[in-house]
Amino acid sequence: MAAGSGRGEQGRREGADAQAVGYWKANRRLQLTLLSVWAVFGFLLSILLANPLNEIVIGGFPLGFWFAQQGSIVVFVILIFIYAVTMDRVDHEYGVQEEELGAARRRLERRAQRRTTGETPLGPEEGDAR
Amino acid sequence: MTVIALTAIQTWALVFAVVSFAIYVGIAIYTRVKTTAGFYVADQNIPAVANGAAIAADWMSAASFISMAGLIAFLGFDGSIYLLGWTGGYVLLALLLAPYLRKYGKYTVPDFVGDRYSEIARLVAVVAAIFISFTYVAGQMRGVGIVFSRFLDVTLTVGVIIGMVVVFTYAVLGGMKGITWTQVTQYTILIIAYLIPAWAIAAELGDFPVPQVSFGDVADELNGLQRDFGLTEYTEAFTARPMQDVFLVTLALMAGTAGLPHVIIRFYTTKTVRAARYSAGWALLFIALLYTTAPAVAVFAKTNLIQDVANQSYAERPDWVRNWEEVGLITFNDQNDNGAVDSLGTTTATDVELQVDPDIMVLANPEIAGLPAPVIGLVAAGGLAAALSTAAGLLLVIAGAVGHDLYYRRFRPQATDRERLRAGRVGVLLAVLAAGYFGVNPPAFVGQVVAFAFGLAASSFFPVIVLGIFWRRTTAAGAVAGMVTGITLTAIYMYLTIFQDMEHWLGISPEGIGAVGMVINFAVTIAVSLFTREPSQEIQELVEEVRHPRIAPAAAAAPSE
C-alpha cells in the first residue's frame with residue numbers, strides 16, 4: 001500500500017505533498033499500533049489463549065472468559081478515544097486540522113453576535129425553523 | 001397466569017409504549033425536514049456525543065436488547081462471539097472508515113463506492129445495501145411483534161403494523177434529522193430499561209450491585225450448577241463451537257459491523273471529521289454500557305433458570321415459567337415421564353426436556369427477580385425502542401438506495417431537490433411495507449437473521465471501502481469482482497448449510513463464513529486491480545482528499561469569492 005510519492009508532480013505542489021505523505025504515514029503508524037493492541041485483546045487473549053488463561057481465576061472470573069466478555073470491550077473503547085485524541089495532535093502537527101472553533105469560543109462568539117445583531121446564527125435548533 | 005399482576009404489567013407496558021411513541025412523533029414534527037441534505041445526513045450538524053448516542057441506538061437492535069443475553073446464557077463462553085464481534089468492529093470503523101467517509105460526506109455508502117470506482121460498482125453496492133438492510137430489518141420488525149404480543153396481548157401481526165406506522169411517521173417527516181434525535185431518546189430509554197433490572201438482580205444474587213463486578217462469583221456458582229446438572233461448565237471455552245469458528249465468527253461480526261451501511265451513514269451526519277472520530281468513541285462507550293452488562297444478565301438469568309427448574313418437579317414450576325409457556329416460548333416435553341426437568345436447552349435442541357426460547361431471558365428477567373410492574377413495562381418500552389431505532393436507520397438506507405442512488409444518481413440526475421426528497425419518502429414507504437411483511441413472515445429467529453447480515457456486509461462492503469481509501473491502486477474492476485465473489489460465495493455457503501443441511505467445512509458455521517468471504521474479497525480485489533489499469537488522476541486525487549480532514553484550500557476559499 002505504498003503512497004504514490006513517485007508520481008510526477010509539479011514543483012509547487014511538492015512541499016504540500018511531502019506534508020500529506022508525512023501525515024498519512026503518521027496516521028498509518030498510529031493505526032498499526034492500535035490495531036495490534038486490538039488484535040491482541042480481541043483475538044489472542046480472548047480466543048486463542050482462552051483455554052490456558054481460563055486456568056487463572058480472579059474474583060470468580062476465569063481470565064480468558066473475563067477478557068472475552070469484559071476486558072476486551074473496555075480496551076476497545078479506550079483505543080478509539082486514544083486514536084481520536086492523538087489524531088487531534090497529528091492533524092495540527094501537519095496542518096490539516098479543520099477550521100473548527102472550540103465549543104467555549106463558539107458560545108462566546110454567538111453571544112457577542114447576538115448582542116450586536118439581535119440575531120442568533122444558524123445552529124442545530126435554529127436550522128429546524130426554516 | 002395471575003390476572004391481576006398481568007393487568008398491571010400490561011397497563012405499565014402500554015403507558016410506556018404510548019408515551020415513548022408520542023415523544024418520537026413529537027420529535028419528528030419538531031425536526032421535519034425540507035431538504036435532501038436534511039433528509040439524508042441531518043444537515044451534517046449533529047454534535048459528537050449526540051451522534052454517539054444515536055449510533056448506539058441505531059446499532060443496538062432487538063437482537064442486542066432482547067436476544068443477545070439469552071443467546072450468551074446458552075452458549076456460555078462461546079457467546080463471546082457477539083460481545084467481541086459487535087464491539088470490536090467499532091475500532092475498525094473508527095480507525096479505517098468513519099473519518100474518511102465523513103470527509104467524503106456524500107449521502108450513502110453506494111455514493112462513495114460509485115464515485116471511487118464506477119457506475120457498475122455503485123449498482124452492486126446498491127443491491128448489496130438493500131439486501132443486507134432487508135435481512136436485518138426483518139429481525140427488527142419481528143422484535144417489535146414479540147414485545148407487543150407478550151406485553152400487550154395483541155397478535156404479532158398487529159404489533160408489527162403498529163411498529164410500522166410509528167416508524168414510518170417519524171422517518172418520513174424527519175428523515176435523518178428526525179431519526180437522529182429520536183435515536184438519542186431511544187438510547188436513553190433502552191439503556192435505562194436494560195440497566196435497572198440488571199442492577200436489581202446483581203444486588204439480589206451477588207454481593208455487590210454492579211453487575212460487571214458481581215457476576216464473577218455468580219458465574220463460579222453457575223459452573224457448579226451446570227456441572228451438577230450434567231452440562232459443561234459455563235465459562236469453559238469452545239463447547240458450542242470449535243475455536244476456529246469462534247475466531248471466524250468474531251472476525252465476521254467485527255468486519256460486518258464496520259461494513260453495515262446504516263451504521264456508516266450515521267458518521268456522515270457529524271459537523272467535522274474530528275467529530276466523526278469522537279462520535280465513534282462515544283458510540284462504543286454507550287454500547288459498552290449494555291455490552292458489559294449483557295454477559296452478567298446472561299449469567300444471572302441462567303442461574304435463576306437452573307435453580308428454579310432443574311431436577312425439580314415440573315408441576316411446581318414458578319409463575320414466570322407458566323407465563324412464557326402460554327405464549328409458547330417455553331415448552332416441556334417429559335421424555336422419561338418422571339415429571340421432573342432432567343435437561344434443558346434452547347428451542348433448536350430437540351433432545352432436551354425443557355425447551356427455552358433464548359429471547360425470553362431478558363424479557364423475563366425482571367419477573368424472575370420479582371421487580372414491580374412499572375419496571376417490566378419499562379423493559380417492554382426498551383425492547384420497542386431498540387427495535388424501532390434500528391429499523392428506522394435501516395429504512396433510511398433502503399430509502400437512500402431507492403430515492404438517491406437509483407432514482408437520482410442513475411435515472412434522473414436533473415431531478416430537483418423537491419423531487420428527490422419525495423423520492424426518498426416514497427423509498428421509506430416501500431421499505432416499511434417490505435419490512436413489515438418480513439416481520440410477520442420471518443425467515444428465522446431474530447439473532448440468527450441478524451448474524452447473517454454481518455457476514456454479507458463483511459464479505460461485500462468492508463474490503464472495497466477499506467482498500468478504496470488505503471490503496472490508491474484499487475481499480476473499479478477489482479472492486480466489482482471482489483464484491484461479487486465475496487458476497488456470492490458467502491451467500492451460497494449460508495444457503496447450502498442452512499437450507500440444504502450441507503456439512504460445515506472445517507467446522508465453519510454459516511455465521512463465520514463471512515470472514516472467509518471477506519478474505520476472498522480482499523484477495524480478488526487486489527489481484528484484479530493489479531491486472532487492470534491504474535485509476536485515473538481524478539480518482540487518485542479523490543483518494544488523497546478523503547485522507548485529509550481539512551478541505552482542499554481552493555474549495556475552502558470558494559464561498560468568500
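Me: At what angle do helix H7 (residues 119–151) and helix H8 (residues 156–205) of chain B pack, and how far apart are their axes?

Reply: Axes are lines fitted to C-alpha atoms, for helices over the stretch in contact, and angles between N-to-C directions run from 0 to 180 degrees. In this predicted model, where local features need pLDDT of at least 70, side-chain atom pairs count only at pLDDT 80 or more, and totals for chains, interfaces and linings use all residues, H7(B) and H8(B) pack at about 120° with their axes 7 Å apart. Residues are numbered from 1 along each chain as its sequence is written, while chains are lettered from A and ligands numbered from 1 in the order in which they are written.

Me: Which word describes the orientation of H7(B) and H8(B) to each other?

Reply: Angles under 35 degrees count as roughly parallel, over 145 as roughly antiparallel, 65 to 115 as roughly perpendicular, and the rest as oblique; H7(B) and H8(B) are therefore oblique to each other. Their contact (C-beta atoms, placed from the backbone, within 7 Å) involves B:Met141, B:Val144, B:Gly145, B:Phe148 and B:Ser149 of H7(B), with residues of H8(B) including B:Leu156, B:Val160 and B:Ile162. By class, where Ala, Val, Leu, Ile, Met, Phe, Trp, Tyr, Cys and Pro count as nonpolar, Asp, Glu, Lys and Arg as charged, and the others, Gly among them, as polar, the contact of H7(B) with H8(B) has seven nonpolar, four polar and no charged residues.

Me: How many helices and strands does chain A have?

Reply: Helices (H or I, at least four residues) and strands (E, at least two) are DSSP runs, numbered from the N terminus. Chain A has four helices and two strands, which follow the pattern α-α-β-β-α-α along the sequence.

Me: How many residues of chain A are in contact with chain B, and which element gives the largest share?

Reply: The size of an interface is often given as the accessible area lost when the parts come together. Here the description is by residue contacts, with 46 residues of chain A in contact with 48 residues of chain B. H3(A) gives the largest share of the chain A side, 18 residues, and that side has 26 nonpolar, 14 polar and six charged residues.

Me: How does H3(A) pack against helix H5 (residues 80–104) of chain B?

Reply: The angle between H3(A) and H5(B) is about 10°, and their axes are 9 Å apart; these two helices are therefore roughly parallel to each other. Among the residues that meet are A:Ile73, A:Phe76 and A:Tyr83 in H3(A), and B:Leu84, B:Tyr90 and B:Val91 in H5(B). The residues of this contact divide into twelve nonpolar, five polar and no charged.

Me: What is the order of the strands in the open sheet of chain B?

Reply: Strands of a sheet pair through backbone hydrogen bonds, either parallel or antiparallel. Two strands are taken to pair if DSSP finds at least two bridges between them, and the three strands in chain B have the order S1-S3-S2, with mixed pairing. Strands S1 (330–332) and S2 (344–346) of chain B stand at the edges, each with a single partner strand, so one side of each is left without a neighbour in the sheet. Three bridges join S1(B) to the antiparallel strand S3 (residues 354–356) of chain B, and B:Thr331 stands opposite B:Gln355 in S3(B).

Technical notes:
Two residues are in contact if their C-beta atoms, placed from the backbone, lie within 7 Å.
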